[in-house]
Amino acid sequence: MGKYFGTDGFRGEANVTLNVEHAYKVGRFLGWYYGQNHKARVVIGKDTRRSSYMFEYSLVAGLTASGAEAYLLHVTTTPSVSYVVRTEDFDCGIMISASHNPFHDNGIKVLNGQGYKLEAEVEEKIEAYLDGETEEIPFATGADIGRTVDFVAGRNRYIGHLISLATRSFKNYKIGLDCANGSSSAIAKSVFDALGAKTYVINNEPDGTNINTKCGSTHIEYLQEFVREKGLDLAFAYDGDADRCIAVDENGDVVDGDKILYICGKYLKENGRLDNNTIVTTIMSNLGLYKACDKAGISYEKTAVGDKYVYENMMKNGHCLGGEQSGHIIFSKHAVTGDGILTSLMIMEVITEKKMSLGKLASEVRIYPQLLKNVRVADKKTARENPAVTAAVEAVGKALGDDGRILVRESGTEPVIRVMVEAADDALCEKYVDQVINVMKEQGLVIA
């Protein structure tokens, strides 16, 4: 990770750690970098945060001042920007979003010409420019100054692409959608309506400050209650920029990314479409997923946390399915990044083709109790490498043995250490997570 760019772009509190000057300079650099041999074309999408408009205009000012053409998708999802970049011949794409973070945060995600997250070496060049370590970029003048183009048609083509992927009608299915008052509010319902579903939608009235607030994939309990109340067949929850999907079955039970990987992986295997008979997971995936995969004869690989690393593994080794417990699922036949709405459609393919309920499909995976707590710290590296903390982690690992595990890692997007324990029961998880966090507190590493 760089000084500004983490595992998922340049993210921070709007106008505090990420401000309009940063956005303007990112636009200036990208417009110049991609426009050295031709007039650069850059497509921009944004989520529903109040600050997204501010950053959009700042980026556009920087891009056009460097001579680039800026195409605006307006409120849309991160996966749609990725799709448009790689199908419409853009030099790069920008998504303004802080994903699942609260509304006061925002972020700038830059995608390369293949619709994938920007190369580290280009991020390093942007950071050097932000810090004034490189020569000033010349302004475009005269007819070379860039322009802004309304490109809502690109978003509409993405919607058409999603609809075309469905193998069967969703008629007679009662499907719930939680749009997290975010990007999917502009897309998801129209897709499911077009496919014949009886669609029930909540949290699709964004006001700029309610994105991810007690809704969406990070607050799944509200959708669980909605499913039970309305008697739905199943439901899907997205995060702020809709690159995640968490499902809820007909009983109101959660079907997370691990279970989605198993359900789709087994289905693809049965149909001879699971390349290399392998799924790609991260180190955060539950032991229950691996035990279920072993039983089904499915191989798996593990990467660092982040769909960026999942996709890199998939491309390097030719795998077609991978993802995270949090709901970032990548189907490489259709996308190069996590896509929440696409994931919903792939789950519906399994359900409609096998004529089985989501609850029945998910029942083959027994999830081990797992507890994750986030600890806000002054310095992530110092906290993680503190000798007393390291000793505490080793002690917990030894106590758990083969019946569980502990994982302590730095967040890629926040000043947070994540402490996760998987064990035979909830009480043990709580005991060992708190044991490590208490050591962090004793060492003066935790901030309020």
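Throughout this tour, contact means that heavy atoms lie within 4.5 Å. The structure is a predicted model, in which local features need pLDDT of at least 70 and side-chain atom pairs count only at pLDDT 80 or more, while totals for chains, interfaces and linings use all residues. Residues are numbered from 1 along each chain as its sequence is written, and side-chain values use heavy atoms, with hydrogens and water left out.

**Stop one: Ala423**

Select Ala423, which sits in the loop between β19 (416–422) and α15 (426–442); helices (H or I, at least four residues) and strands (E, at least two) are DSSP runs, numbered from the N terminus. With a relative accessibility of 0%, Ala423 counts as buried, where buried means under 20% relative accessible area, exposed means over 50%, and partly exposed lies in between (1.4 Å probe, protein chains only). If neighbours within four places in sequence are set aside, the contacts of Ala423 are Tyr368, Pro369, Leu400, Asp403, Gly404, Leu428 and Cys429.

**Stop two: helix α3 and its partner α5**

Next select α3 (residues 78–87) and α5 (residues 152–165), whose axes come within 9 Å and cross at roughly 100 degrees. The axes are lines fitted to C-alpha atoms, for helices over the stretch in contact, and angles run from 0 to 180 degrees between N-to-C directions.

Showing side chains here, one finds Pro79, Ser80, Tyr83 and Val84 of α3 meeting Gly154, Arg157, Tyr158 and His161 of α5. The residues of this contact divide into 4 nonpolar, 3 polar and 1 charged, given that Ala, Val, Leu, Ile, Met, Phe, Trp, Tyr, Cys and Pro count as nonpolar, Asp, Glu, Lys and Arg as charged, and the others, Gly among them, as polar.

Helix α3 is mostly covered, with 8 of its 10 residues buried, and the buried residues pack against β3, β4 (69–75), β5 (92–96), β6 (105–111) and α5.

**Stop three: two positive phi values**

Move on from α3 to Asp89, in the loop between α3 and β5. Asp89 is not a glycine, yet has a positive phi of about 60 degrees, and its relative accessibility of 65% makes it exposed. Then pick Asn172, in the loop between α5 and β8 (174–178), which likewise is not a glycine and has a positive phi of about 80 degrees; Asn172 is exposed, with a relative accessible area of 70%. For background, most residues other than glycine have a negative phi.

**Stop four: salt bridges**

A salt bridge is counted where a side-chain nitrogen of Lys or Arg lies within 4 Å of a carboxyl oxygen of Asp or Glu, and by this rule the model has 26 of them. Select Lys46 and Glu56, whose side chains meet at 3.1 Å, N to O. Lys46 belongs to strand β3 (residues 41–46) and Glu56 to helix α2 (residues 50–65), so the pair ties together parts that are 10 residues apart in sequence; Lys46 and Glu56 are both buried. Arg49 and Asp47 form another salt bridge, at 2.6 Å, N to O, and both of these residues are buried.

Now select Glu410 and Arg384, joined by a salt bridge at 2.9 Å, N to O. This pair links distant parts of the chain, with Glu410 in strand β18 (residues 405–410) and Arg384 in helix α13 (residues 380–385), 26 residues apart. Arg384 is partly exposed, with a relative accessible area of 33%.

**Stop five: the nonpolar cores**

A nonpolar core is a set of buried Ala, Val, Leu, Ile, Met, Phe, Trp, Tyr and Cys residues joined through side-chain atoms within 4.5 Å. The largest core has 63 residues, and those with the most contacts inside it are Val43, Ile175, Phe192, Phe236, Tyr238 and Leu321. Helix α11 (residues 340–354) gives the most to this core, with 8 residues. Apart from this core lies another, of 31 residues, including Val26, Val42, Ile96 and Leu118.
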